[in-house]
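Here are my notes on the model, point by point. Please read them with the coordinates open.

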Amino acid sequence: MRGIGRWILLILIGTGIFYLVRIGDFNPDEAVQKVEQKLKTKETEMESKSTPDHFTSEIGLEGDLYSRIGESTDDLVDELGEPLRKDKSSYGYDWWIYTNDEHQYMQFGVADGKVVTIFATGDDLSIDPVSIGQSYEETSSHFDFENEVSISEGITSYRFQLTDEEIKVRPLVKLDKQTYMQLYFDTFTEKLSSVRVVTKDILLKQRPYEIYYRGKLPEKPELTDEEWEEVQNGMEKQIFDITNVIRSRHDKSTLSWDDPIAEVAFSHSKDMSDNNYFSHYSQNGEGLKERLSDHEIYYLSAGENIAAQYTDGPAAVEGWLNSEGHREALLKDGYTHLGVGVYRYYYTQNFMQKP
């Protein structure tokens, strides 16, 4: 009996959750209960280069993006130049950001001088045999999208369990024994929106799907408040950049960053985290209108997206893109400014049309 009880406990600890909501289609009390229950149970075009010896994909891949896993930071700088900035992550690596602000966006996760993960979206990315904007049907012809993806290491084993909905939105593909890829689809257009390539160790730290395992899961780093502040600042910028790349893809205007709006967004994310609730309305009943008024922010129209417990900022944006109400705000024509506030794994976007 003791062994059975321990196994069940491990499954519960390893379970990941994702949750988002919009104004007008939820009961705040019910939303809070759902989140609490789930919490308890829980891109610059790259030049052609040869694939390094470490990469032995079981799938016929020709794109440069895959082969950059394991690449040294010296090689990355030689080929792509210095990054626009370096953002700390909560998983033990730093994101090196490359973007042209409109059509391409890439994040290289770097640890111990090596690339361990990549997130990429935009045009002209070398990720053959797939491409951003490719149809789900064509992409699925190159990979096997399965409900179970397993990792085995001797007596230690891990199995990610994907729902049918996750297969449609963000399937997981095993490239080789050490390398995996998540493909994020826009379910409204049924086209590929972005990709994430990740090593086995990072995937097991992030646990973006329900996981069953025998053995021990790698632990995420324990961060100080100062380190969390760095992580949060980086994710805010990432969400802003990716939002504009997605808007450009849909022929929408580029939004400008606004510090006062970002402060309002951050305060709401922190309030949700500190007080363990998830809603557009604060516990005193105030919504976005009141929060903006309290900060004497004037506008013609405004909107808000919130999300909780996503792996990171890029994952949260892809989640919003696939929810009708959040997508509407993300791609609305009239908005001119955006402020983003992240606290731990709570995310808030405040959009605004200024006079």
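1. What percentage of the 355 residues of the protein chain count as buried? The figure is 53%. Bear in mind that this is a predicted model. The accessible surface of the protein chain comes to about 16,200 Å². Of that surface, 44% belongs to carbon and sulfur atoms. The secondary structure consists of twelve helices and 15 strands.

2. Start with the surface charge. Asp94, Glu226, Glu229 and Glu230 gather in a patch of negative charge. Helix 8, residues 225–249, supplies the largest share of the patch, with three residues. Asp94 sits elsewhere, in strand 3 (residues 94–99). Its relative accessible area is 33%, so Asp94 is partly exposed. Patch members need over 30% relative accessible area, because that is the cut-off used for patches. Asp94 has 33%.

3. Helix 8 deserves a check of its own. How far apart are its end C-alpha atoms? They are 36 Å apart. The helix has 25 residues, and at 1.5 Å a residue these should span 36 Å, so the two values agree. Just after helix 8, Asp251 takes a positive phi of about 60°.

4. Most residues other than glycine have a negative phi. Arg207 has a phi near 50°. Arg207 belongs to the loop between helix 7 (200–206) and strand 11 (210–214). Is Arg207 buried or exposed? Its relative accessible area is 15%, so Arg207 is buried. Arg344 has a positive phi of about 55°, and it is not a glycine either. Arg344 lies in the loop between strand 14 (337–343) and strand 15 (346–353).

5. Next, a peptide bond to inspect. Most peptide bonds are trans. The bond that joins Asp128 and Pro129 is cis, with omega about 10°. Pro129 is in the loop between strand 5 (114–122) and helix 5 (136–140).

6. Now the salt bridges. The count comes to 16. One of them pairs Asp87 with Arg85, at 2.9 Å from N to O. How accessible are these two partners, buried or exposed? Asp87 has a relative accessible area of 5% and is therefore buried. Arg85 is at 17% relative accessibility, so Arg85 counts as buried as well. The cut-off for buried is under 20%.

7. A second pair links two strands. Arg159 forms a salt bridge with Glu148, and their closest N and O atoms are 3.6 Å apart. Why does this pair tie together parts that are eleven residues apart in sequence? Because Arg159 lies in strand 7 (residues 156–161) while Glu148 lies in strand 6. Arg159 counts as partly exposed, at 28% relative accessibility. Glu148 is also partly exposed, at 39%.

8. At 8% relative accessibility, Val149 counts as buried.

9. Glu165 pairs with Lys168, with 3.8 Å between the closest N and O atoms. Both belong to helix 6 (residues 164–169), where they are three residues apart, so about one helical turn separates them. An α-helix has 3.6 residues a turn, so residues three or four places apart point the same way. Glu165 is partly exposed, at 45% relative accessibility. Lys168 is partly exposed too, also at 45%.

Notes:
Residues numbered from 1 in each chain as written. Predicted model: local features only at pLDDT ≥ 70, side-chain atom pairs only at ≥ 80, totals over all residues. Heavy atoms only, no water. Patch = residues over 30% accessible without salt bridge, like charges linked within 9 Å, V, L, I, M, F, W, Y side chains within 5 Å. Areas by Shrake-Rupley, 256 points an atom, 1.4 Å probe, with all protein chains shown as cover. Salt bridge = Lys/Arg side-chain N within 4 Å of Asp/Glu carboxyl O. Lys, Arg positive; Asp, Glu negative; His and termini not counted. Charge placed at Lys NZ, Arg CZ, Asp CG, Glu CD. Helix = DSSP H or I, 4+ residues; strand = E, 2+ residues; numbered from the N terminus. Buried < 20%, exposed > 50% of the residue type's maximum accessible area, 1.4 Å probe, protein only. Expected span 1.5 Å × (residues − 1).
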